[in-house]
Amino acid sequence: MCTQAQAADEGPALLKGKCMGCHIHEGGDSYSRISHQRKTPEGWLMSIARMQVMHGLSISDDDRRTLVKYLADKQGLAPSETDGVRYAMERRLNTVEHFDEQLTQMCGRCHSGARVALQRRPAKEWEHLVNFHLGQWPSLEYQAQSRDRDWLELALTQMVPELAKRFPLEDQAWADWQKARPKAQALPGQWSFSGHMLAKGDVRGVMTVSADSGDTFKVEVQGQYADGTPFTGSGSAILYNGYEWRGNVKVGDTPMRQIFAALNGEMKGRMFEAEHDERGLDFSAAKDGNARLLSVQPAFLKAGGEAELTLVGSGLSGTPEFGPGVEVVKVLEVTPRQVRVKVKAAADAAVGTRAVALGALKGVDLAVYKDIAEVKVVPAFSIARVGENGGSTPKVQGRFEAEAWGKDAAGQPYRIGYLPATWSVAPFDERAEEDQDVKFAGQMQKDGVFVPGAAGPNPERRMMTNNAGNLKVIAQLEEGGQKGEGHLIVTVQRWNNPPLP
Ligand code: HEC
Ligand code: HEC
């Protein structure tokens with residue numbers, strides 16, 4: 001793996017040796033195009049990979065890793081510049097984006113809007129980018145949401161100035177970050193973590209980070225899902241730009257990736273299976289030595305009921321307080337990373353969300369509920385993909401949970417949490433009914449996991465079409481029987497699967 005010292009050492013020589021043939025040297029370590037953009041490690045990897053695929057650059061995997069490290073450190077993004085668009089790096093591919101209409105139509109129709117928002121350039125570079133798009137994909141102008149307008153004219157005269165203003169090369173956040181960027185040496189140690197995987201449940205445990213050379217680390221995780229499944233494994237990680245943590249950790253037999261922002265003694269992000277990025281967990285961790293409350297598992301409690309709750313964090317001690325009407329009946333375990341208690345909620349405990357306190361620690365909520373006002377299927381809209389059947393791409397599953405919502409005394413909706421449900425699918429519309437999508441598109445399992453059908457044409461279907469489908473996902477709560485609905489599209493394989501969608 002490439003270390004920081006190595007990258008800082010070899011980066012300039014690699015730029016000179018590998019890139020100068022086509023990019024004009026502008027003095028020092030500066031080259032045309034390359035030195036006038038900032039982006040994420042994934043963004044740099046994609047640019048260099050394009051140089052290989054489209055322009056015939058030849059570079060070894062090792063040298064490419066070194067260059068990505070060098071460029072991502074030198075020309076990265078400040079943490080605040082990635083706010084709200086980290087889902088693209090975290091590969092949350094079911095995210096429904098909310099950019100303005102123009103950016104969505106002009107730029108966000110072939111790839112995510114986040115791919116745009118995760119770059120910083122001056123006007124000249126946004127302009128080169130527009131020209132490169134049309135030069136590389138001339139048919140762009142004839143496609144839907146282009147042929148109805150003068151795409152190039154709009155891109156150059158409206159998008160370029162707008163992008164240069166919204167996503168400029170130079171700004172205060174980046175200037176400040178370069179001065180404040182923490183050292184990788186702050187990361188080794190024990191981290192208490194908390195997570196949740198859809199259709200699997202909560203997980204918690206300890207992640208041990210030890211220093212390897214430079215900005216690389218050895219990683220061990222040791223934990224457990226709420227259902228008892230172990231979550232144990234080891235691997236390695238690298239830190240880019242002072243906070244972009246990228247890990248490869250094998251949990252059991254399954255290689256998983258970690259995409260975290262490591263900031264102020266916390267790591268936050270997503271950990272997912274390398275071969276199935278739809279199987280991932282929301283992850284947060286706090287380092288020993290600073291007192292933090294990460295979560296309470298589970299984060300809901302029924303009025304009149306009893307439950308075991310676990311507070312997860314670092315530097316924990318004492319007995320938690322859950323507010324009026326919720327009493328700690330018994331303290332089961334207190335360690336710096338976990339406080340396990342048995343609690344009882346009075347039948348008349350106020351329903352709604354309340355803050356949990358452990359000494360001076362706050363930041364975690366508990367929902368107390370009585371009645372369920374609404375059930376939402378999470379994700380509300382998602383995409384599964386057919387696969388296998390002799391093909392090279394695995395099936396992409398749908399994974400669902402039933403999110404219960406209540407109404408508090410003021411009539412305000414509040415999130416209760418994920419409750420057990422039974423699962424089924426139904427045709428989304430008449431067309432789906434006629435084409436028997438429910439029969440062909442795949443199978444909804446008991447646990448809220450939808451396994452799509454096999455890839456390729458299906459002789460049993462009308463016109464021998466493939467196993468695509470348009471489905472309603474229906475959750476029915478085990479307790480109370482209320483229902484919620486989501487929308488699932490089952491479609492073809494994702495042939496083009498770059499690091500940033
Ligand atoms: C064989 C010629 C060639 C080599 C070698 C080459 N590039 Fe490029 N590069 C191009 C061309 C042509 C473009 C403009 C079209 C494009 O963006 O694909 C470009 C554009 C770029 C851009 C701007 C992309 C954008 O989105 O605006 C970056 C960044 C870049 N190159 C990085 C590199 C790096 C780093 C290297 C060395 C590892 C390198 N290139 C080597 C030909 C080359
Ligand atoms: C016709 C489809 C299409 C449209 C429309 C489109 N893009 Fe792209 N864009 C692509 C493809 C394909 C790539 C190349 C991915 C790769 O590197 O392999 C790309 C790459 C990019 C990159 C990464 C380039 C790099 O090397 O860093 C950015 C940034 C980007 N597009 C921004 C935009 C913006 C801004 C617009 C609107 C003005 C836009 N795109 C419109 C298809 C499109």
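Author: The model is a predicted one. With 8% relative accessibility, Glu 90 counts as buried.

Reader: With which residue does the side chain of Glu 90 meet in a salt bridge?

Author: Side chains of opposite charge can pair when their charged atoms come close. For Glu 90 the N to O distance in the salt bridge is 2.7 Å.

Reader: Is Arg 91 buried or exposed?

Author: Arg 91 is placed in the loop between helix 4 (86–89) and helix 5. Leaving aside neighbours within four places in sequence, Arg 91 is in contact with several residues, among them Arg 270, Phe 272, Asp 277 and Asn 497. Its relative accessible area is 10%, and the limit for the buried class is under 20%. Arg 91 is therefore buried.

Reader: Which side chain of opposite charge is nearest to Glu 278, and how far away is it?

Author: Glu 278 is found in the loop between strand 9 (266–273) and strand 10 (280–287). Glu 278 is buried yet has no salt bridge; a salt bridge would require a nitrogen within 4 Å of a carboxyl oxygen. The nearest side chain of opposite charge is that of Arg 279, at 5.2 Å.

Reader: Which side chain does Glu 278 join in a polar contact of 2.8 Å?

Author: The side chain of Glu 278 also has a polar atom lying 2.7 Å from the backbone nitrogen of Gln 397. Gln 397 is likewise one of the residues in contact with Glu 278 when neighbours within four places in sequence are left aside, a list that includes Lys 395 and Arg 399. The side chain joined by the polar contact of 2.8 Å is that of His 276.

Reader: Which residues coordinate the iron atom of ligand 1?

Author: The six donor atoms around this iron atom subtend angles of 86 to 179°, which makes the arrangement octahedral. The protein pair links distant parts of the chain, 28 residues apart: one member is in the loop between helix 1 (4–19) and strand 1 (38–39), the other in helix 2 (residues 41–55). At 2.0 to 2.2 Å, the coordinating residues are His 23 (NE2) and Met 51 (SD).

Reader: Why does His 23 count as buried?

Author: The buried class takes in residues under 20% relative accessible area. His 23 counts as buried because its relative accessibility is 16%.

Reader: What distance separates the C-alpha atoms of Pro 41 and Glu 244?

Author: Pro 41 is found in helix 2 and counts as buried at 7% relative accessibility. Not counting residues up to four places away in sequence, Pro 41 touches Val 68, Ala 72, Tyr 240, Glu 244 and Arg 246. Pro 41 and Glu 244 are 203 residues apart along the chain, and their C-alpha atoms are separated by 8.2 Å.

Reader: How many residues apart in sequence are the parts tied together by Asp 288 and Arg 337?

Author: The side chains of Asp 288 and Arg 337 meet in a salt bridge of 2.8 Å, N to O. Asp 288 lies in the loop between strand 10 and strand 11 (292–297) and Arg 337 in the loop between strand 14 (326–335) and strand 15 (338–345), so the parts tied together are 49 residues apart.

Reader: How many salt bridges does the structure hold?

Author: One of them joins Arg 462 and Asp 435 at 2.6 Å, N to O. Arg 38, Glu 81, Arg 120 and Asp 171 are linked in a network of salt bridges. The number of salt bridges in the structure is 34.

Note on methods
Residues numbered from 1 in each chain as written. Chains lettered and ligands numbered in written order. Predicted model: local features only at pLDDT ≥ 70, side-chain atom pairs only at ≥ 80, totals over all residues. Heavy atoms only, no water. Donors = N, O, S within 2.8 Å, 3.2 Å for Na, K, Ca; no water. Tetrahedral: all angles 85-135°; square planar, octahedral: opposite > 155°, others 65-115°. Helix = DSSP H or I, 4+ residues; strand = E, 2+ residues; numbered from the N terminus. Buried < 20%, exposed > 50% of the residue type's maximum accessible area, 1.4 Å probe, protein only. Lys, Arg positive; Asp, Glu negative; His and termini not counted. Polar contact = N/O pair within 3.5 Å; in protein donor to acceptor, adjacent residues only side chain to side chain. Contact = heavy atoms within 4.5 Å.
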